[in-house]
Each structure stands twice: as C-alpha cells, then as structure tokens.
Amino acid sequence: MKLEGEAKLLRIFIGESDKWQGRPLYEAIVLEAKQHGLAGATVFKGVMGFGAHSRIHSAKVLQLSEDLPLMIEIVDSEEKIRAFLPLLDAMVREGLVTLERVEVIRYQSR
C-alpha cells in the first residue's frame, strides 16, 4: 500500500476503561480500522489529562487512576476515513473525535 500527499488524520480521545462489546474500546477501534483497510492506527497512553467531566486522571503513584487518557491516531485518505466515521460514532459514547488535514510525505509497505 502506498499513501502520499493530502490525507486526513483522525484523532480519538477516550479513557482507558472505556469498553465496546466487552473489550477495551481502544482495541476494538484499532481492530475495526484494520478490518476496514485503513492505512494504520496507533494508540498513545497519556500520563495525565481531563475531559468533559473535568475529573483529573493521573498516573502519579499517590493517586493511581484506572482510567488514564488514551489517544488513537489513524491516517488515511479522506474517503476511507469518512467511511469509517459512522462506525466510530456508534463505538465512542464518551470522548472527543477530531479530524484534520495532513500531508503524508512517505508511507509504504514493502
């Protein structure tokens, strides 16, 4: 697969404890992205953050959180990302989803 030029970056901000059909939401999103043929997905774990409820989630030793913030990034063509959005809308009950234009310099598999 080769992806170059203008593309879309989909960012999904959720909590580590969020679930979808009994499995971690982040895992379900990545597996669905793969199944839908998207170019790739990466999950990042935050050490501190807050969202719509304004509760601080932190990885500090004295205040261990079981719901650290996660961010999932997916880059692909606008057409493929937009086709994925309805499924994502059903999966993400609480969180933030953003979409931005990016330029892919290089992405290819061997």
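User: Where is the place of tyrosine 107?
Analyst: This is a predicted model, in which local features need pLDDT of at least 70, side-chain atom pairs count only at pLDDT 80 or more, and totals for chains, interfaces and linings use all residues. Residues are numbered from 1 along each chain as its sequence is written, and side-chain values use heavy atoms, with hydrogens and water left out. Helices (H or I, at least four residues) and strands (E, at least two) are DSSP runs, numbered from the N terminus. With those labels in hand, you'll find tyrosine 107 in the segment after S8.

User: Is tyrosine 107 buried, exposed or partly exposed?
Analyst: Here's the scale: buried means under 20% relative accessible area, exposed over 50%, and partly exposed in between (1.4 Å probe, protein chains only). Tyrosine 107 has 31% relative accessibility, so it counts as partly exposed.

User: How far apart in space are tyrosine 107 and glycine 5, C-alpha to C-alpha?
Analyst: Along the sequence, 102 residues separate tyrosine 107 from glycine 5. In space, though, their C-alpha atoms are apart by 9.9 Å.

User: And what separates the C-alpha atoms of glutamine 108 and glutamate 4?
Analyst: Glutamine 108 is also in the segment after S8, and at 42% relative accessibility it counts as partly exposed. It is 104 residues from glutamate 4 along the chain. Their C-alpha atoms are separated by 8.6 Å.

User: What share of contacts between residues at least 6 apart in sequence join residues at least 24 apart?
Analyst: Going along from the N terminus, the elements run β-β-β-α-β-β-β-β-α-β, which makes 2 helices and 8 strands. For contacts in the chain between residues at least 6 apart, the share joining residues at least 24 apart is 77%.

User: Is aspartate 76 buried or exposed?
Analyst: Aspartate 76 is found in strand S7. Its relative accessible area is 3%, so aspartate 76 is buried.

User: What backbone nitrogen does the side chain of aspartate 76 reach?
Analyst: Not counting residues up to four places away in sequence, aspartate 76 touches Leu3, Ala7, Lys8, Gly37, Leu38, Ala39 and Ile81. At 2.6 Å, its side chain reaches the backbone nitrogen of alanine 39.

User: What are the buried residues of H2?
Analyst: An α-helix has 3.6 residues a turn, so residues three or four places apart point the same way. The cover over the buried residues of H2 includes strand S1 (5-15), strand S2 (19-20), helix H1 (25-35), strand S7 (69-76) and strand S8 (96-104). The residues being covered are Ile81, Phe84, Leu88 and Met91.

User: How far apart are the end C-alpha atoms of helix H2?
Analyst: The expected span of a helix is 1.5 Å times one less than its number of residues. Helix H2 (residues 78-91) has 14 residues, so it should span 20 Å. That agrees with the model, where the end C-alpha atoms are apart by 20 Å.

User: Where does H2 bend?
Analyst: The bend at a residue is the angle between axes fitted to the seven residues ending there and the seven starting there. In H2 the angle is about 35°, and a proline, proline 86, follows within four residues of the spot. The bend is at leucine 85.

User: Which residues is histidine 36 in contact with, leaving aside neighbours within four places in sequence?
Analyst: Histidine 36 lies in the loop between H1 and strand S4 (41-45), and it is partly exposed, with a relative accessible area of 42%. The residues it contacts are Lys80, Phe84 and Leu87.

User: Which element of the chain has the lowest mean pLDDT?
Analyst: pLDDT is the predictor's confidence in each residue, from 0 to 100. The chain's mean is 88, and 84% of its residues reach 70 or more. Among the elements, H1 has the highest mean, 98, while the lowest, 62, belongs to strand S6.

Note on methods: Contact means heavy atoms within 4.5 Å. A polar contact is a pair of N or O atoms within 3.5 Å; within protein, one must be able to donate a hydrogen and the other to accept it, and residues adjacent in sequence count only if both atoms are side-chain atoms.
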